[in-house]
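Please open the structure in your viewer and keep the sequence panel beside it.

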Amino acid sequence: MPAIVLEARDFASPLFWVRSLEVLSSCTTFSLVIALDSSELTKNLQHLPTIRIFCIFTWCFFFTLTLLIHIVSTIQFHSLLPVSWKNLTATVAVLGSLMCLSATIIFPWLIMEHQKAWPRPVAAAMTSGLTFLGYISESYILCSQVQEQRGFMGSPPGLFKIVQLWGGFQMIPLFVGGFQMIPLFVEADHGFHRWQPWVSGSSYGVCILMSLVTLVVILGEFTGNCCLPFDRFMVGFTVTGMLLYMVATVICFNKIQQLKNSANRSLELAIMETVVACITLLSYTVDLTFSIRILCDRSRT
């Protein structure tokens with residue numbers, strides 16, 4: 001077992017201080033949000049339990065993951081882990097920045113009480129913004145390194161994979177919140193079809209599964225153990241994800257048309273779902289061009 005050697009330069013590096021900021025700010029954020037009273041939250045609690053749980057889970061999950069990475073990196077035990085450390089840290093940094101950005105936008109928009117500026121919700125929104133700044137700074141530091149140090153997930157194709165994973169995770173609370181409102185859509189006669197959430201939900205689930213499989217293979221460095229070249233697997237996953245998100249995006253725009261005269265929060269959820277679906281679809285489209293170009297370059301050589 002290797003000895004733990006701590007040097008002064010380890011505590012003076014930018015990554016050390018950025019990760020310390022991420023740990024402190026995320027811990028402060030979810031502690032404040034958990035302690036909020038009902039008077040400090042918006043009165044429209046029709047779909048907000050799911051959104052609030054999503055925000056709290058985001059801060060708690062990345063606090064735990066970043067703390068473990070921070071400790072392992074400080075004591076220099078990452079060489080003992082059976083994962084690609086450079087790909088793991090880049091994935092956590094970029095995905096954490098995207099997820100915390102979503103939570104930073106969603107929390108003051110949908111969860112905070114807007115009639116009165118309570119101290120704790122305002123402080124939680126500010127610390128969530130600091131968490132996002134910490135993760136985006138770490139992402140810049142890791143992705144600006146040379147290719148050998150940043151790994152595949154820090155390169156443009158890897159960043160698109162992370163955006164696709166973020167889109168799938170972001171769809172979970174939006175889809176669940178919209179699914180809970182199906183009886184309201186039917187009673188209000190919005191022209192809602194019950195098959196729409198099942199099709200879109202299945203599309204999101206398949207895409208999340210494909211993104212997780214891709215992430216596990218890359219982090220575990222199992223690309224050489226596939227029965228077919230992994231590049232072809234990624235092209236197949238990308239084409240499938242692009243087609244599924246095309247269907248889901250059409251359903252989202254159709255849902256907005258059905259709810260355009262509605263004044264409740266269901267329209268806001270539909271708009272958010274459409275925006276995330278469009279961003280994820282764009283990511284799949286651009287990622288497909290990178291994957292095809294890589295395949296063409298390798299076939300020529």
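The model is a predicted one, in which local features need pLDDT of at least 70 and side-chain atom pairs count only at pLDDT 80 or more, while totals for chains, interfaces and linings use all residues. Residues are numbered from 1 along each chain as its sequence is written, and side-chain values use heavy atoms, with hydrogens and water left out.

**Next: the ring pair**

Keep Phe107 and Trp59 in view: their ring centres are 6.0 Å apart and their planes stand at 75°, so the pair is edge-to-face. Rings of Phe, Tyr and Trp (its six-membered ring) pair if their centres lie within 6.5 Å, and planes under 30 degrees apart count as stacked, over 60 as edge-to-face and the rest as tilted. Phe107 is buried at 0% relative accessibility, and Trp59 is also buried, with a relative accessible area of 0%; buried means under 20% relative accessible area, exposed over 50% and partly exposed in between (1.4 Å probe, protein chains only).

Which residues have the most contacts inside the largest nonpolar core? They are Trp59, Phe107 and Tyr245, in a core of 62 residues. A nonpolar core is a set of buried Ala, Val, Leu, Ile, Met, Phe, Trp, Tyr and Cys residues joined through side-chain atoms within 4.5 Å. Finally, select Phe57, Phe61, Phe62 and Tyr135, which form one aromatic cluster.
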